[in-house]
Amino acid sequence: MKKLMNTHDSWRYWANDLSEQDWLDFVQENDAVVQAFISAWQTFYDKNYPVTTVSIQVATPNAPKNHLNPATELIALTEKNESSSELMPIRQPENPKPVYELQQKTDLPLAEVANSPTELIALNPEIRQPENPKTVLLTKEPAMPIAPKITPLPNARCGENYLVTLPESAQDVVFKPDCGLTWDAATQRIHGKPTYSGDVEVRYSLVYGDNVIPTRQTLYINPNPRDLWKNIPSNEKARFAKPDVFCDEIDTIEGKLLAARVRGRSHAHVGTHCDDDFTIRHHLRTNLHLIAVSDGAGSAEFSRLGSQVVVDAVADTVWELLDSQEANFTILSQFDLDNCKRVLINLTTRAVYCAYTSLHNAAKDEQIPLKQLSCTLLFALSLPMENGQWLTATYSVGDGAVAIWRPEKQQLDFVSKSDGGSYSGETKFLTVEETTKDSLTKRVRCIVSDDSPVLLLMTDGVSDPKFETDAQLSNPQRWADLWAELQTPLRNTQPEKALEAWLDFWSAGNHDDRTLALFVPSVFFRQPERLTELPSPSIRTENAS
């Protein structure tokens, strides 16, 4: 054996060339060493692999020389052949019981058992096993609880309600920095209105089995669009400068005239002037009420001057005619209905013509192109008759709206049609073509109301967000909704100031100048509360000429 080992190139490979007889001779000559090795190996294995028990039957070292090779992976049971003195392998049953039995109670699949450390020991027949091998029951470790699922927090918006639910095991929620939101442990919810915009770190703990896991998530709070708009004052020394906001109020025998205009956010953001304008007047001798509003074209550099010129020209023209010595208009309300209509229509058409003439003269005097004064024009003349009826003449060119509304009956007596152009946002303006007889006949209307109506005139800065489409201008319900909104400023001790504040309402995408002018009969100031039962809103088309 030693000679064989010495003749090999490497002692690591000497065992490969040993014959079966060499192995038997080695075992017989070194019985004590083999037994010590087996004992040491068994001690090592029992210490490092306590969960697996292997029952192995091993041929003794003193077996006959012609015994099967102990290095064989599996050694069969043997018995002495009757016809021979040699030990011969016996015929194995159909289900042979191997000498090396792996006694395990486990739920592992056979493929996994075959790859377990037990197999490595079983293939070493020289390991002597105890006479009564132990059987160990392998048990599974308890399964860990499923970790709670963490989903990204949805974005919030500053100043708007926010609500989100965290996992059930979340606790001790804090916000860095404080942002106005609140943690409700009872409902596992974050809620409130953020007062801060930007990234907020939400810190909390999650219970996971017996562990507490610190968790951090980022919540992004969008700024409120309103906060992004600047309010830069316009230049008071600029040419044709006018106040950024303005309101007015006149008490009459029949009720109250009030109006307000505010500069749109689109102008305020860059510090430019308001292009809208209005005028309200009451002629005491005739009891005639006048309301006029105008919207200067955004593309016209000095349209703010144009809107101011046309509303003042309308009022000045009507007042000059009413105060004329050629006709006694002091008894206008006593005229029969047809004569009253004729007078109001004549006043209206003359006012339109003079408004355009004043616009032309202003452009010439200021030496600027007439187109730079482009603007719309909407106005109404309303007269109470002695028989209790009201006669109202209206005119409109351009977008915006003129309406005669009777709240007690939820009835829309009249509404003007908006002039839209070929493209979105395009409209018509007061031009020389609008002063022709045909055009005036088409645009001037005269409406009779059985009792005192509410008059509402507005530029498109109000009509667009409140009615959205031209078709909705003829929907009485939309006017009922608007009237309900206006109850708050109308009940104020300074309704004109309250109306000015109301015009600053928020409407996404609608940031134009806003002007609203009204005549409100006295009855609605004496009874500030709305009627509890109102008829369904309706529109009336009769008595219009």
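**Salt bridges, cores and a buried threonine**

Glu434 and Arg443 form a salt bridge in which the closest N and O atoms are 2.7 Å apart; a salt bridge is taken as a side-chain nitrogen of Lys or Arg within 4 Å of a carboxyl oxygen of Asp or Glu. Glu434 is buried at 9% relative accessibility, and Arg443 is buried with a relative accessible area of 9% (buried, under 20% relative accessible area; exposed, over 50%; partly exposed, in between; 1.4 Å probe, protein chains only). Salt bridges with shared partners also link Glu201, Arg203 and Arg216 into one network.

The model is predicted, with local features requiring pLDDT of at least 70 and side-chain atom pairs counted only at pLDDT 80 or more, while totals for chains, interfaces and linings use all residues. Residues are numbered from 1 along each chain as its sequence is written, and side-chain values use heavy atoms, with hydrogens and water left out.

Across the whole structure, 16 salt bridges were found. In one of these, Arg406 pairs with Asp413, with 3.1 Å between the closest N and O atoms. Arg406 is buried at a relative accessible area of 1%, and Asp413 is buried at 3%. The side chains of Lys256 and Asp251 also form a salt bridge, at 2.4 Å from N to O. Here Lys256 is buried, with a relative accessible area of 11%, whereas Asp251 is exposed at 52%.

The largest nonpolar core contains 45 residues, and Leu377, Phe379, Tyr395 and Leu430 have the most contacts inside it. Such a core is a set of buried Ala, Val, Leu, Ile, Met, Phe, Trp, Tyr and Cys residues joined through side-chain atoms within 4.5 Å. Elements that each supply at least two residues of this core include strand E15 (288-295), helix H9 (337-366) and strand E16 (377-384); helices (H or I, at least four residues) and strands (E, at least two) are DSSP runs numbered from the N terminus. H9 contributes the most, with 11 residues. Beyond its neighbours within four places in sequence, Tyr395 is in contact with residues including Leu377, Phe379, Leu430, Glu434 and Arg443 (contact, heavy atoms within 4.5 Å). A separate core of 29 residues includes Ala403, Leu456, Leu482 and Phe505.

Thr427 lies in the loop between strand E19 (411-415) and helix H10 (437-443) and is buried, with a relative accessible area of 14%. A polar atom of the Thr427 side chain lies 3.0 Å from the backbone nitrogen of Asp399. The backbone oxygen of Asp419 is 2.6 Å from a polar atom of the Thr427 side chain.

Terms used: A polar contact is a pair of N or O atoms within 3.5 Å; within protein, one must be able to donate a hydrogen and the other to accept it, and residues adjacent in sequence count only if both atoms are side-chain atoms.
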